[in-house]
Amino acid sequence: MSGWQEAGVAGTVDFKVDTVAPTITGAATPVANANEWNNTNVTVSYTVNDVLSGVDGANPLTDYADDVLSGEGANQSAGGIVYDQAGNSATVTVESINIDKANPVITITAPENNTTYDTAQKLLYTTADNLDTDPDMVGPASGTNYNIAA
């Protein structure tokens, strides 16, 4: 590009144009179990890159520091944003983060505790969980005749 300097002498100016957004990806650790739940805190980490002007880590709107999710709940998310030196930006959201730290509770209602029987008894119980309205029980179903005789 040609131009005039103040003294009237012709010169050239070199400049770069960057219209390409930087990249950002996010990943949650630890990886959720087969049912898509975690029973610990989850950290979302981000990877950023910009091949033209470079990542602008000094931009006050840039936020790609790790996010730690510690609260219980379903369908939580965390997000990051990155800017490059030319002002282009990119965002990412890591979704469907489920955290349940509390153990389910099984309450046996029959047979009575500390009682000896000489015949099979019906096993009755309820299950409860702070986030799951119908937690799975491994074992005999409630109402099943179960030989618990001494």
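The dialogue below takes up the strands, the surface and the backbone.

Author: This is a predicted model, in which local features need pLDDT of at least 70 and side-chain atom pairs count only at pLDDT 80 or more, while totals for chains, interfaces and linings use all residues. Residues are numbered from 1 along each chain as its sequence is written, and side-chain values use heavy atoms, with hydrogens and water left out.

Reader: How many helices and strands does the chain have?

Author: Helices (H or I, at least four residues) and strands (E, at least two) are DSSP runs, numbered from the N terminus. Here the chain has 0 helices and 10 strands. Read from the N terminus, the order of elements is β-β-β-β-β-β-β-β-β-β.

Reader: Which strands form the open sheet, and in what order?

Author: Two strands pair if DSSP finds at least two bridges between them. In this chain, an open sheet of 3 strands has the order β3-β4-β5, and its pairing is antiparallel. Its edge strands are β3 and β5 (67-69), each of which pairs on one side only. Neighbouring strands of the sheet are turned by 20° against each other on average, direction ignored; the axes are lines fitted to C-alpha atoms, for helices over the stretch in contact, and angles run from 0 to 180 degrees between N-to-C directions. Between β3 and β4 (residues 42-49) there are 7 bridges, in the antiparallel sense. A27 has S45 in β4 as its bridge partner.

Reader: How many bridges join β6 to β7?

Author: Strands β6 (residues 73-83) and β7 (residues 89-99) run antiparallel and are joined by 8 bridges. V82 stands opposite A90 in β7. The hairpin of these two strands has 5 residues between them, and G87 in this hairpin takes a positive phi near 95°.

Reader: What share of the residues is buried?

Author: Buried means under 20% relative accessible area, exposed over 50%, and partly exposed in between (1.4 Å probe, protein chains only). Of the 150 residues in the chain, 23% are buried. Accessible areas come from the Shrake-Rupley method with a 1.4 Å probe, and for residues only the protein chains shown count as cover. The accessible surface of the chain is about 10,400 Å², and carbon and sulfur atoms hold 50% of that surface.

Reader: Which residues form the nonpolar patch on the surface?

Author: Like charges are joined within 9 Å, and nonpolar side chains (Val, Leu, Ile, Met, Phe, Trp, Tyr) within 5 Å. In this model V13, F15 and V17 form such a nonpolar patch, with about 330 Å² of accessible area together. V13 lies in the loop between β2 (10-12) and β3 (23-29).

Reader: Are N75 and N114, each with a positive phi, buried or exposed?

Author: N75 is not a glycine, yet has a positive phi of about 55°. N75 lies in strand β6 and is exposed, with a relative accessible area of 59%. N114, likewise not a glycine, has a positive phi of about 60°. N114 is found in the loop between β8 and β9 and is exposed, at a relative accessible area of 75%.

Key. Patch = residues over 30% accessible without salt bridge, like charges linked within 9 Å, V, L, I, M, F, W, Y side chains within 5 Å. Salt bridge = Lys/Arg side-chain N within 4 Å of Asp/Glu carboxyl O.
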